[in-house]
Amino acid sequence: MRLCCSIELKRGVEIPPNFRQWVLSLIKGSIKIGSEDGELFYRKWYSSNRQKPFTFSIFVPLNFNKGVSLLNGDYFKLIFSTNNTEFLAKVYNGLLEINKHGFYFHGYPVKVKSCSILPERKFSGEVVDFKTISPFLLRDPKDGDFYIYPMLAEGDIDVEFQKFKYWKAVDMEEFTQRVRENLVRITGKEVKLLELRVQRIVPVLCSSKSSGFKVTYPGISAYLKIQARGDVLKHIYDLGIGARRSEGFGMLEVINE
């Protein structure tokens, strides 16, 4: 289940590398005001380190000026995806209430221009080609503090990537196996990863001014051909793949069914 929301923001405002974290704050705020029990619902899910049943992707038109990313237009789009109807309802209703409550990005007011629940996606076949519409992260199964990425060519590790503390390079065969294991773990069902084509490895900054937390993750953009039952494919479509999905990673779109 998905919703699409167009969100108005001042044209030309600087968009920082960790913008998705601010969008997550917008989603959390929506949950709290999305119903009378919104605060209780929020505490239920965020009082412990449990995986939240959603992912999201943002589409932000940008101009680049002297190394700074600026909003090229007066709005960006948020796509929110979940298999939990209560989450969907609270985020949807909360986003519709944002304009009344007031929400700001670095002092600039944010307004929801439109918000709609998208038609439910059905899967009739058992083989689907997906592409990532937000990069995914894959934890190292031996040490969850580290994130793995595939060696780019002939076993060579990109020198640029070696500077990141929590990155671990593995060969493509191992990386593919870890992706398949992740799909099985997320769904709890049999999943065959027929093909994996990594397109890009993107350094993704996450940080917090309040805690001083700052880390860069290896975001993977890829095409995947997956074989599974229709309900399992729907589960993957709704929840995405990889780690930290509820922080805006791992969302997929269908390119061929």
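This is a predicted model: local features need pLDDT of at least 70, side-chain atom pairs count only at pLDDT 80 or more; totals for chains, interfaces and linings use all residues.

Biologist: Which residues make up H4, and how do you know what span to expect of the helix?

Modeller: Helix H4 runs over residues 172-187, which gives it 16 residues.

Biologist: Which residues of H4 are buried, and why can they be said to lie on the same side?

Modeller: The buried residues of H4 are Phe175, Arg178, Val179, Asn182, Leu183, Ile186 and Thr187. They cover an arc of only 160° around the axis, and therefore they sit on the same side of H4. On the other side of the helix, Glu173 and Arg185 are exposed. As for what the buried residues of H4 pack against, the partners are strands E11 (143-150), E12 (167-170), E13 (192-207) and E14 (214-227), together with helix H5 (230-239).

Biologist: Two of those strands, E11 and E12, also belong to a sheet; what makes some of its strands edge strands?

Modeller: The sheet is an open one of three strands in the order E10-E11-E12, with mixed pairing. Strand E10 (139-140) and E12 each have a single partner strand, so one side of each is left without a neighbour in the sheet, and that is why they stand at the edges.

Biologist: How do you know that E11 and E12 count as paired?

Modeller: Pairing requires at least two bridges between the strands, and E11 and E12 have four, in the parallel sense. Tyr149, for instance, has Ala169 in E12 as its bridge partner.

Biologist: Let us turn to helix H1, where Ser30 lies. Why is Ser30 called buried?

Modeller: The label buried is given under 20% relative accessible area, and Ser30 stands at 0%, so it counts as buried. Leaving out residues up to four places away in sequence, Ser30 touches Lys90, Val91, Gly94, Leu95 and Ile98.

Biologist: Which label does Lys77 receive, and why?

Modeller: Lys77, whose place is in strand E5, has 34% relative accessibility and therefore counts as partly exposed, since that label covers the range between under 20% and over 50%. The C-alpha atoms of Lys77 and Cys5 are separated by 5.7 Å, although these residues are 72 residues apart along the chain. Among the residues in contact with Lys77, beyond its neighbours within four places in sequence, are Cys4, Ser57 and Phe59.

Biologist: His106 and Arg244 both have a positive phi although neither is a glycine; is each of them buried or exposed?

Modeller: His106, with a phi of about 50°, is found in the loop between strand E6 (104-105) and strand E7 (108-109), and its relative accessible area of 56% makes it exposed. Arg244, with a phi of about 55°, has its place in the loop between H5 and strand E15 (252-256); at a relative accessible area of 19%, Arg244 is buried, the cut-off being under 20%.

Biologist: How many residues has the largest nonpolar core, and which have the most contacts inside it?

Modeller: It has 33 residues, and those with the most contacts inside it are Trp22, Ile27, Phe80 and Leu95. Seven residues, the largest share of this core, come from H1. Trp22 touches Phe76, Phe103, Tyr104, Phe105 and Val110, residues up to four places away in sequence not being counted. A second, separate core of 30 residues includes Phe175, Val232, Ile236 and Leu252.

Notes. Residues are numbered from 1 along each chain as its sequence is written. Side-chain values use heavy atoms; hydrogens and water are left out. Helices (H or I, at least four residues) and strands (E, at least two) are DSSP runs, numbered from the N terminus. The expected span of a helix is 1.5 Å times one less than its number of residues. Buried means under 20% relative accessible area, exposed over 50%, partly exposed in between (1.4 Å probe, protein chains only). The arc is that of the directions from the helix axis to the C-beta atoms. Contact means heavy atoms within 4.5 Å. A nonpolar core is a set of buried Ala, Val, Leu, Ile, Met, Phe, Trp, Tyr and Cys residues joined through side-chain atoms within 4.5 Å.
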